[in-house]
Amino acid sequence: MAISLMSGKVTVSATVNGEPTEWLCEPRETLLEVLRDRLGLTGTKEGCSNGNCGACSVLLDGRLVNSCLVLAVETEGAEITTVEGIRGEKGLTPVQRSFLEEAALQCGFCTPGFIVAATALLQANPSPTEEQIRWWLAGNLCRCTGYDKIVRAVQKAAAEMRGEA
Amino acid sequence: MTTEKQYRVIGTRPVRPDGVDKVTGRAVYGADVTLPRMIHGKILRSPHAHARIRGIDTREAERYPGVLAVVTAEDLPDVDVVLAVGEGGDVNMRDASHNIMASGKVLYQGHAVAAVAAVSPHVALEALKRIKVDYEPLPPVLDVRKAMAADAPLLHEDLFTDTMGQRSEHPSNIASHLIAEEGDIEQGFREASVVVEREFVTHTVHQGYIEPHAAVAEWRDDGQLTIWCSTQGAFSVREQVAQILKHPISQVKVVPTEIGGGFGGKISVYLEPVAALLSRKAGRPVKMVMDRAEVLAATGPTPGTYMKVKVGADAQGNITAAHAYLAFEAGAYPGSPIGAGCTTVFAPYRLKNVRIDGFDVLVNKPKSNAYRAPGATQAEFAAEVVMDEICEKLGMDPLEFRRKNGAKEGDWRPFGPPYTRIGAIECVEAAQASEHWKTPLVKEAGSSRRRGRGVASGYWMNWGGTSSCTGRLNPDGTVALLEGSTDIGGTRASIAMQFAEAFGIAYERVRPQVVDTDTVGYNDVTGGSRVTFGTGYAAYALAKQMQREIAAKLAAIWEVDPESVTVEGDRYSAGDKSVNLVEAANLISEQGQQVVTSVTTTPHNRSGAFATHIVDVEVDVETGKVEILRYTAVQDVGKAIHPSYVEGQMQGGVAQGIGWALNEEYIYDENGSLRNASLLDYRMPTALDIPMIETILVEVFNPDHPYGVRGVGEVPIVPPPAAISNAIYDAVGVRMTTLPISPARLCAEIMAKNSARA
Amino acid sequence: MHAIQYAAPRTLQDALEILQEYGAKARILAGGTDLIVQAGTGARSVDVIVDGKRIPELMHLAFDPADGLTIGAAVPCCRIYEDPQISRRYPGLADAVSIIGGMAIQGRASVGGNLCNASPAADSVPALIAYRATALIVGPKGEREVPVERFCTAPGRTVLGEDELLLSLHLPTPPPRSGAAYLRFIPRNEMDIAEVGVGVSLTLDEQGTISGARIALAAVAPTPLFVPEAGDSLAGSAPTEESFRRAAQIARDASRPINDIRGTIEHRKHLVGVLTRRALERALERARQAG
């Protein structure tokens, strides 16, 4: 066979939060498992492990994905951004700041996923309507807030990033 | 005391102290804890809803490479002690022990039968497959009414019905029958000109916190046990673990991590004692994390019910009599929130003739647990739908009816002293005055859509409980505030704000921390809507105590009578001497002294929180799907310490209530196997399912708290199911009496109505 | 312990060689949104995962008015609806791919994977059938083409041989004056599996009479269900409420749903009627706009 299969522990190299990163993992391990258990990036949360809660949202080559639905071996050569990699020049980004100011979190467990998803949204669409925000965030479950303050926080961050606030 | 007082801190909206960690991913939750040499535990669960365990063979699992410990119920001591477990009420620790590790019988699908600790979670899971359990399946009983039948299969052969202190002759699945009575309902129904009686069914629902249960335990060779876990009550975990393991409470330390939601479901222990046993056997720290299917199948959802409510009213719209029959599914062991269901069912109303019968009934489902206003949502759903029908028959405005019959200070309530100052009527009046209520609703919305509006009220009692705080005055005049109430929704902020207000300093100068059970005095659980009230009360008492201590120390330095030292904001003065807090801190520390103060308070909270909600829905009459168009929640919050987080509690409660009303339910097959144990098919609302939720905060001062605070967290989940059912009736003319009002159920009712008409 | 092996071949040939060696034990990984869950829970026994996303042919997406639309089997949903030309030409497909899971799912999940997973509730499949899509299958003996309506054979099973893989899907260019739509019913507004899904396409002649129509259903049979007689009933008819109701009734009668956690037989059959009519109305609107 022209190509050999990877088994046992595999070395994977990727860029994680801007840093060249290398790790060993088994092919079965998800990106979520590797981020949390091998790289110590526990900001990415596990809520369901089957793509239905969004707590494990990360950016993979700039695209929003559920890290529980990505095999870590697939990310060879990729750019991965987790919540730990979302930082502004002066610390918090407008999205993070507006989540705090608008009280858009209660228990805070879903918050990293929302921060990542909202960041991806505002990169793709700087002026989303309420409907578009709700549509984009529908894959991220929050059980505490009823989403009201989350939607408002995203609207506020969007306005700030557009230079309106 | 007056509500008109001007505050510096209370009522403002500062950023929460733990906020930055939570938006940057730095905050440490249960599953984020890692210790050196840590290994991983997993639980083997019963595939049967009801079966006798003939034997468990763990030998092959023990030999499996990488396995370090295996435990079963044999490793747990016999216990027989009743312990008050937060909102869960009094729990027999023998039941709690059997619930975390089945002994003799399995009583629900998902019941734990054995656990393994191994070098990785994957190895532990592989080892579980090698444990052989010999089951003798027994017929399961899954429906509350069937479980009450005399010939029903029994879950516990030694359980008898307790009817207000009387024990039944024969064993039964009915653990208790509560009765609350006032006046004469027969007479009351005779006085009525309209009487409505309906039956209701609700299904099991889950709290749905996004963080699965997680615990790490380290049992050292000297018997010192430390547990890191996500819990609503570190002290409650300490007590439960100590009782279940018969281990001295002084040797158990519980370190609460951040908690990713609880809503009543993270009070009982599930993993903690098992992780401790595995750690003791393996000699290594053990981490256990549930997956989502385990959370749904094997923690403590809140009960399904069968209910019957009958209400009579005279032609003027005065309620003359009310009767409720409430049967709640306790699950595998006694202890549904039936008492609270009885207390709340008619709570928003002034009643002269009333009878409430409540039944706590065992079924082959997981042991039920508290869920935000436990028992109230089901009971008040039934009552509030019946009240709506009374209004319809009387041709009376439903808010006017609620105002006219509204409960007031001094009115009777079941099992308790009469009401103190409450805001039931104020909430109804605020709803009547709301923009939402005053805006007419256009009912037609295209050929297949109809709109409707509904209202409902709700009540949840407040609990005071015990809270402790420790304050340490730093040399820079800031205060380290140590608390034991885990912060689920911003209570570090609401406690620090009350402390800052009382202590005369800025909010930013208080550094609140939630600490472990060795570091602060006892705290009851974060539950019962009590933390901002009860721990806030303790923080207030702490501030006053610290001021007295500072004054006393300054008096000694200044050689004046302590009584002569006055405190104004952060300034301490006596005669011509006057220092601010920073100067005072320095003076005191120059003497080689420190102000480190601890208080423990257990205030009465005889009050409670009322709410009235208004909802507009749009029904697709061809599919049965319901859209929430507009929602307004009015609530008596006593005093909003941090209004954003009060609004957030109201909005979050409404969202859970909407989920309960429309889509959430446990679906079991006939064998008692849970078919929808995932967040795909246990359908909690997404951002697309809920509109913006308008909030109206009514502030009726609570005389039991220095700032008038009422617990706000729980009552907002109560009115939504009834308000939505009433709105659906307004839209399409069918009374929905089963929860959830799923599209299939509503569609079937609409079609039945249409064919009856044709 | 059950270990999984992995390969990320860069050529079709390499992928086929692996399939030849490992047969049914190997699975092609596209977006992974089904496969990774199935492999993780043991719901599907997988020994070898073959990542298809580094094979250029599987990531190929192209539209040409003469040839139609080609969708490589591993192309994620988002690439389809983010392409304005494809969305405009194939609105019924855009309907389907923009509601498969949330944004995070759509960035990974592929139409090819949706088809190969062979769930009767797959959202994209009725839309593909409505568009007369064919599946291009490649194996050691070369290529073969299968109409999408014949691709799934049972829940989780397809016509793919153990040594074959799905290379791409091909959708002919819709004729002038045609429109299509996919509608599904779910209890929430997102993140659910279809209780019922209906994909339709219809074409009008110059007089505005329906010259042809296709109707396919999701979640009402063991496989995605093509109901040719429902579409055929519309040929030669004016697009009226009556003709739509008749077609909807035929679709409803053809459906044979089961009771499960996502719906009842009664509600599902009823929804087939409602959604077929509504989908036809939407397709008609689009056909008229297409001009």
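User: What makes strand 14 (residues 225-229) and strand 15 of chain B count as joined strands?

Analyst: Five bridges join them, and the two run parallel. Two strands pair if DSSP finds at least two bridges between them, so five bridges meet the rule. Within this pairing, B:C229 stands opposite B:P256 of strand 15 of chain B. The strands themselves are DSSP runs (E, at least two residues; helices are H or I, at least four), numbered from the N terminus.

User: How far do these values rest on a prediction, and how are residues and chains labelled?

Analyst: This is a predicted model, in which local features need pLDDT of at least 70 and side-chain atom pairs count only at pLDDT 80 or more, while totals for chains, interfaces and linings use all residues. Residues are numbered from 1 along each chain as its sequence is written, chains are lettered from A and ligands numbered from 1 in the order in which they are written, and side-chain values use heavy atoms, with hydrogens and water left out.

User: Which strands make up the open sheet of chain B with mixed pairing, and what makes a strand an edge strand there?

Analyst: The sheet has seven strands in the order 3-7-1-16-13-14-15. Strand 3 (67-72) and strand 15 (252-256) of chain B each pair on one side only, which places them at the edges. Neighbouring strands of this sheet are turned by 20 degrees against each other on average, direction ignored.

User: Which strands of chain B does helix 7 (residues 234-245) lie across, and at what angle does it run to strand 15?

Analyst: Helix 7 of chain B lies across strand 13 (214-219), strand 14 and strand 15, running at about 145 degrees to strand 15. Axes are lines fitted to C-alpha atoms, for helices over the stretch in contact, and angles run from 0 to 180 degrees between N-to-C directions. Contact means heavy atoms within 4.5 Å. Helix 8 (residues 272-282) of chain B also packs on the sheet; among the strands it touches are strand 1 (39-45), strand 7 (112-118) and strand 16 (286-289), and its direction makes about 130 degrees with that of strand 3 of chain B.

User: How do you know which strands of the sheet in chain A stand at the edges?

Analyst: The open sheet of five strands in chain A has the order 2-1-5-3-4, with mixed pairing. Strand 2 (19-25) and strand 4 (63-66) of chain A each have a single partner strand, so one side of each is left without a neighbour in the sheet. Neighbouring strands here are turned by 40 degrees against each other on average, direction ignored. Strand 1 (residues 10-16) of chain A pairs with strand 2 in the antiparallel sense over seven bridges, and A:S13 stands opposite A:E22 in strand 2.

User: What makes the contact of B:E647 and A:K149 a salt bridge?

Analyst: The N to O distance between the two side chains is 2.6 Å. A salt bridge is a side-chain nitrogen of Lys or Arg within 4 Å of a carboxyl oxygen of Asp or Glu, so the pair qualifies. The count between chain B and chain A is four salt bridges.

User: How much area is buried between chain B and chain A?

Analyst: About 4000 Å², of which carbon and sulfur atoms give 59%. Buried area is the accessible area (1.4 Å probe) that two parts lose on being put together, summed over both. B:V23, B:I210 and B:M692 supply 19% of the area that chain B buries against chain A, more than any other three residues. In residues, 52 of chain B are in contact with 46 of chain A.

User: Which residues of chains B and C form a salt bridge with the closest N and O atoms 2.7 Å apart?

Analyst: B:D620 and C:R278 do. The count between chain C and chain B is five salt bridges. About 2100 Å² is buried between these chains, with 55% from carbon and sulfur atoms, and 20 residues of chain C are in contact with 27 residues of chain B.

User: Where is the cis peptide bond with omega near -5 degrees, and which residue has a positive phi although it is not a glycine?

Analyst: The cis bond runs from B:L739 to B:P740, and B:P740 is found in the loop between strand 31 (738-739) and helix 20 (743-757) of chain B. The residue is A:S49, with a phi of about 65 degrees, in the loop between helix 1 and strand 3 of chain A. Most residues other than glycine have a negative phi, and most peptide bonds are trans.
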